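Take a walk through the structure shown here.

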Amino acid sequence: MSDAITLTGPYKTAEAKGKPRSLRTLVSIRRYASPIVLVCLWQAACSLGLLSTRLVASPLQIAVTGWTLVRDGTLPFNLGVSLLRAGSGLGLAISFGVTLALISGLSRIGEDVVDAPLQVLRTLPALALVPLFILWFGIGETPKILLVALGATFPIYLNLHKGIRSIDPKLVEMASTLGLSRWQTIRDVFLPGALPDFLTGLRYAVGVSWLMLVVAEQVNAESGIGHMMMDAQDFLRTDIILVGLLVYGVLGLISDQIVRFLESALLSWRPDGRKGRTA
Amino acid sequence: MTHTHSEAHPGTAVIVEQLTRRFNNGPPVLDGLDLAIAPGEFVALLGHSGSGKSTLLRTLAGLDPVTDGAVTRPREVSVVFQEHRLLPWKRVWKNVVLGQEDKGIRHRAETVLEEVGLSHRSNAWPLTLSGGEAQRAALARALVREPAFLMLDEPFAALDALTRLKMQQLVADLWKKHGCAVLLVTHDVDEALLLADRAVVLERGRIRVDVPITIPRPRRHSDPGFDALRSLLLDALGVHAA
Ligand SMILES: Nc1ncnc2c1ncn2[C@@H]1O[C@H](COP(=O)(O)OP(=O)(O)O)[C@@H](O)[C@H]1O
Ligand SMILES: [Mg+2]
């Protein structure tokens with residue numbers, strides 16, 4: 001037996017010529033196979049009456065209902081309302097979070113004034129504030145947007161604050177020997193240096209936004225995906241509930257992809273970002 | 001007790017008088033230190049690790065306050081540290097002209113990168129540079145400001161031997177071209193002999209040895225004139241050459 005190993009690219013191996021393509025399709029089929037099989041089993045179970053449609057609608061039924069909801073405008077309308085709430089809440093969270101993180105990250109006094117109370121507040125589960133928010137802000141758009149904003153502010157604040165604090169002091173020192181003003185130092189050193197952490201925070205914030213929205217819309221609302229699902233519950237329409245779930249899932253997936261895209265576009269200076277680019 | 005940190009007009013020498021520096025009321029790191037550097041003079045500062053070389057340099061650079069004593073230096077100074085301290089999120093040429101915001105920055109950056117032999121990497125991200133290339137970029141960033149006084153704090157200590165030789169040659173060339181006063185902190189006696197007009201040794205907070213190096217330039221490591229100076233400096237550093 002030899003201790004040597006040979007590392008080669010795929011083009012070198014002799015029999016690989018015909019294989020890779022079929023192998024790759026096989027791999028991608030395998031990846032999608034199990035969900036497809038599951039959906040088929042689910043459909044079969046519903047068709048054969050093994051699974052009560054009172055508990056779970058069949059995949060076909062979900063597809064038909066989804067299409068109907070799109071056609072009659074129910075889904076687009078409620079989706080629009082939900083997106084607006086999540087978007088406004090997230091927007092508020094970004095402005096709050098960034099402002100607070102800059103205040104506490106860039107000055108000692110700011111840190112004492114801002115960071116301590118926020119560290120206490122963040123241990124409270126934001127969802128526990130739902131009753132209070134309804135009392136304070138009624139049942140309009142305000143409590144929903146604020147609830148999203150509240151939940152999403154913390155990940156933004158915490159990550160950006162950490163990012164600013166962990167900037168290499170040697171770089172800041174360098175900036176001062178080069179005669180950069182305070183504002184130039186913030187713009188050229190602190191902000192870009194903390195951007196990776198900010199984007200990590202943003203990714204969490206987006207996830208939290210959906211979570212808060214689901215709760216806010218199910219507790220009390222007259223529109224939105226969550227309301228559509230709660231309405232369906234009253235009429236035992238599991239198909240509509242599942243359509244709502246599906247929409248939430250797709251929204252979460254898309255927003256995560258958007259943040260990932262932002263990361264690869266804005267952080268191309270990082271070695272791993274580079275790898276993703278050339279590959 | 002004097003508290004002076006004056007900036008003279010460009011071209012003035014560096015003058016340090018009775019500079020004393022303590023940290024947290026401990027023993028003085030710099031203890032009544034006197035040092036003068038003429039315009040355009042190249043001085044090598046030697047000393048043991050912890051002897052206060054960086055402290056002196058940081059004080060000269062204005063990074064540490066002058067609490068006791070007086071320091072006079074030109075307004076335009078630049079520093080190169082052992083680490084390149086390039087901003088990873090700015091391309092090399094933008095790092096070079098960091099803090100400058102007028103129209104001609106791109107052109108100035110390209111010119112100085114050409115000087116240090118890095119023009120082919122001007123658009124690169126700093127994290128893709130080799131150690132030698134990064135130090136070249138740091139040198140370019142220091143020189144683009146046309147300093148009257150350039151401080152180098154062990155700039156080549158982290159480089160491999162071959163790269164270090166090239167960088168020493170580069171510094172010699174750049175100094176000849178720019179004619180600025182230079183203070184090079186190093187613990188490599190040969191580096192000091194190769195580059196400097198004068199070598200000073202810092203010990204217990206003061207300049208204990210101050211010798212001119214009069215060997216004609218360009219110098220080579222093998223120059224026989226080095227031997228006497230080398231043993232003198234090694235002696236001063238407490239290292240006894242066999
Ligand atoms: N910021 C600081 N706080 C406390 N002590 C320091 C600080 N900077 C340097 N010193 C001390 O001053 C002495 C000289 O340090 P330094 O100037 O870095 O030495 P050198 O550069 O010659 O190796 C060391 O004993 C070091 O511990
Ligand atoms: Mg040092």
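Begin in helix 3 of chain B, where B:Glu110 and B:Arg106 sit four residues apart, so about one helical turn separates them. Helices here are DSSP runs of H or I with at least four residues, strands are runs of E with at least two, and both are numbered from the N terminus. The side chains of B:Glu110 and B:Arg106 meet in a salt bridge (2.9 Å, N to O). A salt bridge is a side-chain nitrogen of Lys or Arg within 4 Å of a carboxyl oxygen of Asp or Glu. B:Glu110 is partly exposed at 23% relative accessibility. B:Arg106 is partly exposed too, at 34%. Buried means under 20% relative accessible area, exposed over 50%, and partly exposed in between (1.4 Å probe, protein chains only).

This is a predicted model: local features need pLDDT of at least 70, side-chain atom pairs count only at pLDDT 80 or more, and totals for chains, interfaces and linings use all residues. Residues are numbered from 1 along each chain as its sequence is written, chains are lettered from A and ligands numbered from 1 in the order in which they are written, and side-chain values use heavy atoms, with hydrogens and water left out.

The unreviewed UniProt entry annotates residues 14-229 as "domain: ABC transporter". UniProt positions follow the numbering used here, feature names are shortened, and annotations may be inferred rather than shown by experiment. That stretch, residues 14-229 of chain B, is 31% helix and 27% strand. Now find helix 5 of chain B, residues 161-178. Its buried residues include B:Met167, B:Leu170 and B:Trp175. Among the elements that cover the buried residues of helix 5 are strand 4 (42-47) and helix 3 (105-115) of chain B. After helix 5 comes B:Gly179, with a positive phi near 65°.

Contact means heavy atoms within 4.5 Å.

Five salt bridges span chain B and chain A. One joins A:Glu173 to B:Arg58, with the closest N and O atoms 2.8 Å apart. The pair runs from helix 7 (residues 169-177) of chain A to helix 1 (residues 53-61) of chain B. Both residues belong to a salt-bridge network that also includes B:Asp64 and B:Arg85. Elsewhere, A:Asp188 and B:Lys90 meet at 3.6 Å, N to O.

Finally, look inside chain A. A:Glu111 and A:Arg165 form a salt bridge (2.8 Å, N to O). A:Glu111 lies in helix 4 and A:Arg165 in helix 6 of chain A, so the pair ties together parts that are 54 residues apart in sequence. A:Glu111 is buried at 15% relative accessibility, whereas A:Arg165 is partly exposed at 33%.

Note on methods. Expected span 1.5 Å × (residues − 1).
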